[in-house]
Amino acid sequence: MPVIAPMPAARPARIPGQREGAEETTAAGTTVDHLTETYRAHYRSLLGLAALLLDDTASCEDVVQEAFIRVHSARKRVRDPEKTLAYLRQTVVNLSRSALRRRILGLKLLSKPMPDMASAEEGAYDQLERDSLIRAMKGLQRRQREVLVLRYFADMTEAQVAETLGISLGSVKAYGSRGIAALRIAMGAPA
């Protein structure tokens with residue numbers, strides 16, 4: 001990019017055919033050469049700022065380039081050239097936030113993958129096993145059934161089962177052991 005010296009503070013001569021007040025908009029704001037120098041001096045630091053907010057290099061570069069484009073487009077609104085860098089930093093932060101919002105929205109809108117569902121045959125087989133287990137449980141002694149249900153289906157410890165049923169810890173272990181042995185026999189499982 002060509003380097004142009006900053007505009008002189010003196011009011012430039014009026015160009016023929018130029019409207020009255022048009023030279024005011026040219027003199028006010030950040031000049032292209034100041035923006036070019038800011039770009040050369042602070043590109044890496046702005047890239048580092050974007051890198052702290054975003055996770056991939058390509059997005060960081062896009063955000064910083066977009067920030068310079070936006071500041072270039074709005075350079076006449078930046079009255080004080082010393083504030084150009086602050087304006088660029090704020091633009092980088094805002095564009096980074098927007099990029100993150102778009103990513104989050106994109107993730108929310110992505111179609112959710114179908115859960116791993118069992119086939120109809122597997123579901124029928126599982127139902128048969130459950131029915132078989134329920135019949136086998138009904139064939140157990142009352143205390144054995146109570147101990148197994150509390151221990152394995154209610155996920156209680158042996159001490160909690162003993163306290164709930166009002167029996168000793170040794171009785172819980174004995175009823176549980178005998179109940180599992182009886183279930184194995186009833187369901188035809190190997191010992």
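These are my notebook entries on a predicted model of one protein chain.

**Ground rules**

I number residues from 1 along each chain as its sequence is written. Because the model is predicted, local features need pLDDT of at least 70, side-chain atom pairs count only at pLDDT 80 or more, totals for chains, interfaces and linings use all residues, and side-chain values use heavy atoms, with hydrogens and water left out.

**Entry: the whole chain**

I looked up the secondary structure to begin. The protein chain has eight helices and zero strands. Helices (H or I, at least four residues) and strands (E, at least two) are DSSP runs, numbered from the N terminus. Along the sequence, I read the pattern α-α-α-α-α-α-α-α.

Next I checked burial. Of the 191 residues, 26% count as buried. Buried means under 20% relative accessible area, exposed means over 50%, and partly exposed is in between (1.4 Å probe, protein chains only).

Then I looked at contacts, meaning heavy atoms within 4.5 Å. Among contacts with a separation of 6 or more, residues 24 or more positions apart account for 59%.

**Entry: α2 and α3**

How do α2 and α3 cross? Their axes come within 9 Å and cross at roughly 150°. Axes are lines fitted to C-alpha atoms, for helices over the stretch in contact, and angles run from 0 to 180 degrees between N-to-C directions. That makes α2 roughly antiparallel to α3. My cut-offs: under 35 degrees is roughly parallel, over 145 roughly antiparallel, 65 to 115 roughly perpendicular, and the rest oblique.

I noted the crossing of α2 and α3 as right-handed. A crossing is left-handed if the near helix is turned anticlockwise from the far one by less than a right angle, and right-handed if clockwise.

From α2, the contact includes V32, L35, Y39 and L46. From α3, it includes C60, V64, F68 and V71. By class, I find 13 nonpolar, three polar and one charged residue in the contact of α2 with α3. Ala, Val, Leu, Ile, Met, Phe, Trp, Tyr, Cys and Pro count as nonpolar, Asp, Glu, Lys and Arg as charged, and the others, Gly among them, as polar.

T31 sits in the loop between α1 (22-27) and α2. Is T31 buried or exposed? At 16% relative accessibility, T31 counts as buried. I also looked up T31 and K76, which are 45 residues apart along the chain. Their C-alpha atoms are separated by 7.9 Å.

**Entry: α4**

I checked the span of helix α4, residues 84-109. At 1.5 Å a residue, its 26 residues should span 38 Å. The expected span is 1.5 Å times one less than the number of residues. The end C-alpha atoms of α4 are 37 Å apart, which agrees.

Which residues of α4 are buried? They are T84, L85, L88, T91, V92, V93, L95, S96 and A99. These buried residues pack against α2 (32-53) and α3 (57-73). A reminder on spacing: an α-helix has 3.6 residues a turn, so residues three or four places apart point the same way.

**Entry: α6 and its partners**

Helices α6 and α7 pack at about 130°, with axes 9 Å apart. They are therefore oblique to each other. Their crossing is right-handed. R143, E146, V147, L150 and R151 of α6 meet E158, V161, T164 and L165 of α7. I list four nonpolar, one polar and four charged residues in the contact of α6 with α7.

E146 lies in α6. At 23% relative accessibility, E146 counts as partly exposed. E146 and V161 are 15 residues apart in sequence and 8.8 Å apart in space, C-alpha to C-alpha.

Now α8. Helix α6 (142-153) and helix α8 (169-187) pack at about 95°, with axes 8 Å apart. That makes α6 roughly perpendicular to α8. The contact includes V147, L148 and Y152 of α6, and V172, Y175 and I180 of α8. By class, the contact of α6 with α8 has seven nonpolar, three polar and two charged residues.

D155 is in the loop between α6 and α7 (158-165). Most residues other than glycine have a negative phi. D155 has a positive phi of about 55° although it is not a glycine. D155 is exposed, with a relative accessible area of 64%.

I185 lies in helix α8. I185 is exposed, with a relative accessible area of 72%. I185 and A136 are 49 residues apart in sequence and 9.1 Å apart in space, C-alpha to C-alpha.
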